[in-house]
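Thanks for coming, everyone. I'll keep this brief. Have a look at the model first, and then we'll go through it.

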Amino acid sequence: AAAKLREEMASSRQQSSKTEAERRESMVLAQDLERALQASHARQLQLEDVLNQQDVQRGELQQAVKALDHRCKTLQQRLEKSNAAVVEKDKELAQVTKARDDEGTALKRALADEKARADAAAAETEGL
């Protein structure tokens with residue numbers, strides 16, 4: 001009976017030791033899990049900060065694009081007005097050029113007519 005009692009006590013101590021080792025191992029695992037959870041939470045906060053910064057940058061870029069788009073539209077309107085003015089000036093220049101050409105042609109005809117009269121008058125004078 002004493003041997004059996006000693007055996008049971010030894011078994012109980014061994015079981016108690018095993019339980020204590022498992023408890024320590026469980027505590028170490030719990031601490032590891034806690035550290036991993038904290039690291040994960042810190043990483044999540046970092047990622048949220050990055051996302052917030054990207055949102056801010058996206059908003060800034062959208063504003064810059066809107067400003068550039070407005071500037072492009074303004075420049076396009078100015079270009080269209082300028083082109084329209086050039087077309088008008090070209091039309092005016094064409095009219096002035098045509099009027100000068102017509103005037104030049106009329107002067108050449110008048111000169112030719114005058115020369116023909118002068119030649120006719122000279123021929124008449126010679127014939128007398």
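Let me start with a contact. Arg24 forms a salt bridge with Glu20, and the closest N and O atoms sit 3.5 Å apart. Keep in mind that this is a predicted model.

Why can these two reach each other? They are four residues apart in helix H1, so about one helical turn separates Arg24 from Glu20. Side chains of opposite charge can pair when their charged atoms come close.

Glu20 has another partner. It forms a salt bridge with Arg23, with closest N and O atoms 2.4 Å apart. Here the spacing is three residues in helix H1, which means about one helical turn again.

Arg23 is partly exposed at 41%. Arg24 is partly exposed too, with a relative accessible area of 47%.

Now move along the helix. Asp32 and Arg35 meet through their side chains in a salt bridge, 2.3 Å from N to O. Both lie in helix H1, three residues apart, about one turn. Shared partners, meanwhile, join the salt bridges of Glu20, Arg23 and Arg24 into one network. Back to the other pair: Asp32 is partly exposed, with a relative accessible area of 35%. Arg35 is partly exposed at 48%.

How many salt bridges are there by this rule? The count comes to nine.

Next, the whole chain. It has one helix and zero strands. Helix H1 covers residues 2–127, and Thr19 is found in it. Thr19 is partly exposed, at 41% relative accessible area.

Thr19 and Asp101 are 82 residues apart in sequence. In space, C-alpha to C-alpha, Thr19 and Asp101 are 118 Å apart.

The overall dimensions come next. Along its principal axes, the C-alpha trace spans about 185 × 20 × 10 Å. The radius of gyration is 54 Å, but a compact globule of 128 residues would have one near 14 Å.

What share of the residues is buried? Buried residues make up 0% of the 128 in the chain. The chain exposes about 11,800 Å², and carbon and sulfur atoms supply 57% of that area.

Last, the charges. The chain carries 22 positive and 24 negative charges. Their mean positions are 9 Å apart.

That's my tour. Over to you for questions.

Technical notes. Residues are numbered from 1 along each chain as its sequence is written. This is a predicted model: local features need pLDDT of at least 70, side-chain atom pairs count only at pLDDT 80 or more; totals for chains, interfaces and linings use all residues. Side-chain values use heavy atoms; hydrogens and water are left out. Helices (H or I, at least four residues) and strands (E, at least two) are DSSP runs, numbered from the N terminus. The radius of gyration is taken over C-alpha atoms; the globule rule is 2.2 Å times the number of residues to the power 0.38. Buried means under 20% relative accessible area, exposed over 50%, partly exposed in between (1.4 Å probe, protein chains only). Accessible areas come from the Shrake-Rupley method with a 1.4 Å probe; for residues, only the protein chains shown count as cover. Lys and Arg count as positive and Asp and Glu as negative; His and the chain ends are not counted. The place of a charge is taken as NZ of Lys, CZ of Arg, CG of Asp or CD of Glu. A salt bridge is a side-chain nitrogen of Lys or Arg within 4 Å of a carboxyl oxygen of Asp or Glu.
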